[in-house]
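Please read these notes with the structure open beside you. They are numbered so that you can check one point at a time.

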Amino acid sequence: MNRVPAEQSVYATVLAWGTGIGFVLLVAGFALYVSGIVPPHVPPERLPSLWTLSAAEYLRETGMGGGWDWLRLAHRGDIMNLGGIAWLAGCSVACLAAVIPAYRARGERAYVAICVLEIAVIAMAASGLLTGGH
């Protein structure tokens, strides 16, 4: 019988909870949007005329900014789903952070360093600091 290493169980548990919460956020946000309980930033009837635009034109026409600017509109029905997507995108950070204590306790410094570096790379990518001039 193969025993599952503790860090794998911790990673899997955090991932299961994180993705479960993310799924609930996505479904709830979508339900609030389609039900009309939470009004959208961009009315649905306006979408067909906006779909042909480039991303930059779309943002300009809708009064939205790029990057993390969506947070200021997170209370709008069509934008709040991005919260669930951002949550899901961040699940791996929580999983990596959760396994660091197990690696540290066993003295596995290389794995601790890998986890820390992965978290740093994800944080840097999410920050928007490395946009390549866009």
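1. Start with two terms. A residue is called buried when its relative accessible area is under 20%, exposed when over 50%, and partly exposed in between, using a 1.4 Å probe and protein chains only. A nonpolar core is a set of buried Ala, Val, Leu, Ile, Met, Phe, Trp, Tyr and Cys residues that are joined through side-chain atoms within 4.5 Å.

2. On the source: this is a predicted model, in which local features need pLDDT of at least 70 and side-chain atom pairs count only at pLDDT 80 or more, while totals for chains, interfaces and linings use all residues. Residues are numbered from 1 along each chain as its sequence is written, and side-chain values use heavy atoms, with hydrogens and water left out.

3. The largest nonpolar core is made of six residues, namely Leu96, Val99, Ile100, Tyr103, Val112 and Cys115. Helices α4 (81–105) and α5 (109–127) each supply at least two residues of this core, and the largest share, four residues, comes from α4. Helices here (H or I, at least four residues) and strands (E, at least two) are DSSP runs, numbered from the N terminus. In soluble globular proteins, nonpolar side chains tend to be buried together.

4. Tyr103 belongs to this core. Which residues does Tyr103 touch, leaving aside its neighbours within four places in sequence? Taking contact as heavy atoms within 4.5 Å, Tyr103 is in contact with Glu7, Glu108, Tyr111, Val112 and Cys115.

5. Next, the cysteines. The structure holds zero disulfides, a disulfide being a pair of cysteine sulfur atoms within 2.5 Å. For Cys95, the nearest cysteine sulfur is that of Cys91, 6.3 Å away. Cys95 counts as buried because its relative accessible area is 0%. Cys115 is in no disulfide either, and the nearest cysteine sulfur, that of Cys95, is 10 Å away. Cys115 is also buried, because its relative accessibility is 5%.

6. Within α1, Glu7, Gly18, Gly22 and Gly29 are buried, and what covers the buried residues of α1 includes α4. After α1 comes Gly36, with a positive phi near 85°.

7. Leu32 lies in α1 and counts as partly exposed because its relative accessibility is 30%. Apart from neighbours within four places in sequence, Leu32 is in contact with Ile37, Val38 and Met80. The C-alpha atoms of Leu32 and Pro43 are separated by 14 Å, with the two residues eleven apart along the chain.

8. Pro43 sits in the loop between α1 and α2 (47–50). Pro43 is partly exposed, since its relative accessible area is 31%. Between Pro43 and Ala94 there are 35 Å, C-alpha to C-alpha, and they are 51 residues apart in sequence.
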